[in-house]
Amino acid sequence: MAGKREKKREDPMAVWLSTMCRLLKGGALAAATAALGLLVCALLVSGGVVGEKLMGRGVLAICVVSSLAGGLLAVRRLERGTLLAGLGVGVILFLLLLTAGFLLYEEASLSNGGVPILIACCCGGAIAGVLGGRPRKKRKR
């Protein structure tokens with residue numbers, strides 16, 4: 001049976017470590033994208049182009065788009081578990097935003113608009129998990 005190749009088994013810890021590194025890289029990209037998007041929104045509001053009432057919707061849109069971008073980076077080379085990886089990036093982005101809120105303000109609670117931001121981050125990551133996975137190869141019979 002010289003024609004068949006045996007697949008090398010990868011070390012589970014190495015797979016886990018590389019997946020976690022991908023998640024952190026995706027979270028970092030999501031945080032950078034969110035910071036840039038929030039800066040643009042702040043400039044638009046201070047310039048009078050956009051009203052302050054639309055800022056809440058803008059923040060949610062930025063959370064979705066930034067977690068989508070980070071999630072796509074994280075799940076790009078994963079073969080399975082892409083939905084969980086995308087959700088992981090969304091949770092990482094939310095935790096980074098929550099940490100920034102705690103550092104800048106003395107108190108940050110989920111009741112002050114944190115739940116919609118959590119949902120937006122997770123939705124963007126889940127969309128990335130659904131869209132970003134590699135298509136499965138069809139098996140030949």
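View 1. L36, L39, V40, L43, L44 and V49 together make a nonpolar surface patch of about 570 Å². Patches are built from residues with over 30% relative accessible area and no salt bridge, joining like charges within 9 Å and nonpolar side chains (Val, Leu, Ile, Met, Phe, Trp, Tyr) within 5 Å. A salt bridge here is a side-chain nitrogen of Lys or Arg within 4 Å of a carboxyl oxygen of Asp or Glu. Areas come from the Shrake-Rupley method with a 1.4 Å probe, and for residues only the protein chains shown count as cover. Please keep in mind that this is a predicted model, where local features need pLDDT of at least 70, side-chain atom pairs count only at pLDDT 80 or more, and totals for chains, interfaces and linings use all residues. Residues are numbered from 1 along each chain as its sequence is written, and side-chain values use heavy atoms, leaving out hydrogens and water.

**View 2. L43 within its helix.** One of the patch residues, L43, sits in helix α1, residues 12-46. L43 has a relative accessible area of 54%, so it is exposed (exposed is over 50%, buried under 20%, partly exposed in between; 1.4 Å probe, protein chains only).

**View 3. The whole chain.** Helices (H or I, at least four residues) and strands (E, at least two) are DSSP runs, numbered from the N terminus. Of the 141 residues, 26% are buried.

**View 4. α1 against α2.** The axes of α1 and helix α2 (residues 55-75) come within 7 Å and cross at roughly 155 degrees. This makes the two helices roughly antiparallel (over 145 degrees; under 35 is roughly parallel, 65 to 115 roughly perpendicular, the rest oblique). Axes are lines fitted to C-alpha atoms, for helices over the stretch in contact, with angles from 0 to 180 degrees between N-to-C directions. The crossing is right-handed, that is, the near helix is turned clockwise from the far one by less than a right angle.

View 5. F94 belongs to α3 and is buried, because its relative accessibility is 9%. F94 and C63 lie 31 residues apart in sequence, with 8.5 Å between their C-alpha atoms.
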